[in-house]
Amino acid sequence: PQTFNLDENMRHKSIRRMWLPAMAMLVVASQAAWSAEKVPSERLLPPNTYAYLSIPNVPELKSRFNQTQYGKLREDDAFEDFFEDVAKKIEEFSGQVEEKVGLKLDDLLAVPAGELSIAVVQPQGKSIGGVAILDFGKNEESVNKVLDSAAKAAEEDGAKKSEKEIDGTKVIVFDFPKEEADDDGNADDEKKEDGDAKAAAPGRQMVYFIRDSHLVVGTDVAVIESVLERCDGKNSQTLAANTAFAYIQENSRSGSAQPALTWFVNPLDLLRAVIAMSSEANPQAAMVLGFLPALGVN
């Protein structure tokens, strides 16, 4: 300011002109970094998650396995013939995979670039369902080939494809034909013309979306919605906040190293959810819950 001989007011204006754009750039950069933060799957899943398996970093798991005694067996000359036979079988299987998927087995196994997790969940007020979350990194081309193959197989199975937008994300839905069930609840794909009473069973769904570098596949729209509403990482109702999960996670960690594998099962609540689903068709199934406390199961 002294060099340019500006008065106080002009100095303030000059400083504002220089610093405001710079501050704006910093804010934008910080927002971009925040939005690019990868939210772990335990914060993407609803609190009612009854079974959960996660590999936090698939490439790291492969590297760490190669350092174990089992991984080092491949370097042992005594097992050379054995692993040559295994390689031949894998090559044969790889050809079958490439024929169906369009990718060799090695390319398919290289798709996971970060976390891979699967879970059985129950969104609030909905039925239980399954979901898989994959961080594919820069392997989107390979993922698209797999999805194209899956879509072709689904359409050959009679599924109808549709698209919908949820929270600004395009979601692909495959609705499979409904199976017809007779009075005993047995599925019967063939249409009967004898006038017997039949009930239509709900059709299956396969639903998925791609967001950033993540592929999320679920068994119905409700499951997918439960993940989408947690994608920003700000939702407090998650598996990570589940009291039982948090307690087990805290007390089972060894040191500060990232675990190679995380798993969690809540068998009782899973049983309750399954019984609740089947109680409409079979009311006697609900009686099972009454026996559990007498058996000491709580």
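Modeller: What follows is a set of questions about this predicted model, each answered from the values computed for it.

Colleague: How do you know how far to trust the coordinates?

Modeller: The predictor's own confidence, given on a scale from 0 to 100, averages 81 over the protein chain, and 78% of the residues score at least 70. Residues 1-6, however, stay under 50 and have four contacts beyond four places in sequence, while residues 189-201 are also below 50, with 14 contacts beyond near neighbours in sequence. Where pLDDT is low, the predicted coordinates should not be read in detail.

Colleague: What makes strand β3 largely enclosed by the rest of the structure?

Modeller: A residue is called buried when its relative accessible area is under 20%, and six of the seven residues of β3, which covers residues 129-135, are buried, so the strand is largely enclosed by the rest of the structure. For the protein chain of 298 residues, the buried share is 28%.

Colleague: How do you know that β3 pairs with strand β2 and with strand β10?

Modeller: Pairing requires at least two bridges between the strands. Strand β2, residues 116-121, and β3 have six bridges in the antiparallel sense, and β3 and β10, residues 214-218, have five, again antiparallel, so by that cut-off of at least two bridges both count as pairs. As examples, serine 117 has isoleucine 133 of β3 as its bridge partner, and leucine 134 has leucine 215 of β10.

Colleague: How do you know that the length of helix α5 agrees with its number of residues?

Modeller: The expected span is 1.5 Å times one less than the number of residues; for the 17 residues of α5, residues 140-156, this should come to 24 Å, and because the end C-alpha atoms are 24 Å apart, the two values agree. After the helix comes glycine 158, whose phi is positive, near 95°.

Colleague: Which residues of α5 are called buried, and what do the buried residues pack against?

Modeller: Ser142, Val143, Leu147, Ala151 and Ala154 are buried, and the buried residues of the helix pack against β5 (169-175), β9 (205-211) and β10. In general, an α-helix has 3.6 residues a turn, so residues three or four places apart point the same way.

Colleague: What does the protein chain amount to as a whole?

Modeller: Its secondary structure comes to nine helices and 11 strands, and it exposes about 20300 Å², of which carbon and sulfur atoms supply 54%.

Note on methods:
Residues are numbered from 1 along each chain as its sequence is written. This is a predicted model: local features need pLDDT of at least 70, side-chain atom pairs count only at pLDDT 80 or more; totals for chains, interfaces and linings use all residues. Side-chain values use heavy atoms; hydrogens and water are left out. Contact means heavy atoms within 4.5 Å. Buried means under 20% relative accessible area, exposed over 50%, partly exposed in between (1.4 Å probe, protein chains only). Helices (H or I, at least four residues) and strands (E, at least two) are DSSP runs, numbered from the N terminus. Accessible areas come from the Shrake-Rupley method with a 1.4 Å probe; for residues, only the protein chains shown count as cover.
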